[in-house]
Amino acid sequence: LEELQTRVKSLGEQIEETWGIFDPEKLKGEIDGLERLTGEADFWADKDRASRILGQLKDRKRRLDPWTALRRKYADLAELYSLALEAGLDPPLHPG
């Protein structure tokens with residue numbers, strides 16, 4: 001059980017360390033700004049500009065979304081592990 005706890009904790013630390021490297025807050029700010037631009041009334045007036053902005057938005061989301069999902073999945077794993085401990089279960093290291 002201690003080995004699993006160590007693995008879960010180590011995984012969380014690695015995810016958070018990597019999360020901080022690529023500046024997610026900056027990416028979120030860029031996404032918010034680009035999304036605001038797409039909501040402007042005259043957004044489609046300049047098709048080249050609109051296309052460029054949509055490409056930038058897609059790129060930013062492509063970089064951020066997988067990491068956001070990974071952090072969410074890790075949080076779920078940590079919560080399940082915590083609930084298993086509270087219930088007195090001894091989760092196996094290798095399911096199956």
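A: One cut-off comes first: a residue is buried under 20% relative accessible area, exposed over 50%, and partly exposed in between. The model is predicted.

Q: Why is Arg-60 called buried?
A: The relative accessibility of Arg-60 is 18%. Buried means under 20%. Arg-60 therefore counts as buried.

Q: What surrounds Arg-60, leaving out residues up to four places away in sequence?
A: Arg-60 touches Leu-27, Glu-30, Ile-31 and Leu-34. Arg-60 itself sits in helix H3.

Q: How do you know whether Leu-64 is buried or exposed?
A: Leu-64 has 6% relative accessibility. The cut-off for buried is under 20%. So Leu-64 is buried. Leu-64 also belongs to helix H3.

Q: What does Leu-64 touch, not counting residues up to four places away in sequence?
A: Its partners are Trp-19, Phe-22, Pro-24, Leu-27, Lys-28 and Ile-31. Leu-85 is another matter: 21 residues along the sequence from Leu-64, with 32 Å between the C-alpha atoms.

Q: Why is Ser-82 called partly exposed?
A: Its relative accessible area is 28%. Partly exposed lies between the buried limit of 20% and the exposed limit of 50%. Ser-82 is therefore partly exposed. Ser-82 lies in helix H3, which covers residues 47-86.

Q: Which distance separates the C-alpha atoms of Ser-82 and Gln-5?
A: They are 9.5 Å apart. Along the chain, 77 residues separate Ser-82 from Gln-5.

Q: What makes up the largest nonpolar core?
A: Nine residues do: Trp-19, Leu-27, Ile-31, Leu-34, Phe-43, Ala-50, Ile-53, Leu-57 and Leu-64. Two elements, helix H2 (24-38) and H3, each give two or more residues to this core. H3 supplies the largest share, four residues.

Q: What is known of a second core?
A: A separate core of five residues includes Leu-4, Val-8, Ile-15 and Tyr-81.

Q: What is Ile-31 in contact with, leaving aside neighbours within four places in sequence?
A: Ile-31 contacts Leu-57, Arg-60, Lys-61 and Leu-64.

Q: How many helices and strands does the protein have?
A: There are three helices and zero strands. In sequence order the pattern is α-α-α.

Q: What makes the protein more spread out than a compact globule?
A: Its radius of gyration is 20 Å. The globule rule gives 12 Å for 96 residues. The value is well over the rule, so the protein is more spread out than a compact globule. Along the principal axes, the C-alpha trace spans about 60 × 25 × 20 Å.

Q: How much of the protein is buried?
A: Of the 96 residues, 20% are buried. The accessible surface is about 7,200 Å², with 54% of it belonging to carbon and sulfur atoms.

Q: Which share of the contacts with a separation of 6 or more joins residues 24 or more positions apart?
A: The share is 68%.

Q: How many side chains are positive, and how many negative?
A: The protein has 16 positive and 20 negative side chains. The centres of the two sets lie 7 Å apart.

How values were computed: Residues numbered from 1 in each chain as written. Predicted model: local features only at pLDDT ≥ 70, side-chain atom pairs only at ≥ 80, totals over all residues. Heavy atoms only, no water. Buried < 20%, exposed > 50% of the residue type's maximum accessible area, 1.4 Å probe, protein only. Rg over C-alpha atoms; globule rule 2.2 N^0.38 Å. Contact = heavy atoms within 4.5 Å. Areas by Shrake-Rupley, 256 points an atom, 1.4 Å probe, with all protein chains shown as cover. Lys, Arg positive; Asp, Glu negative; His and termini not counted. Charge placed at Lys NZ, Arg CZ, Asp CG, Glu CD. Core = buried A, V, L, I, M, F, W, Y, C linked by side-chain atoms within 4.5 Å.
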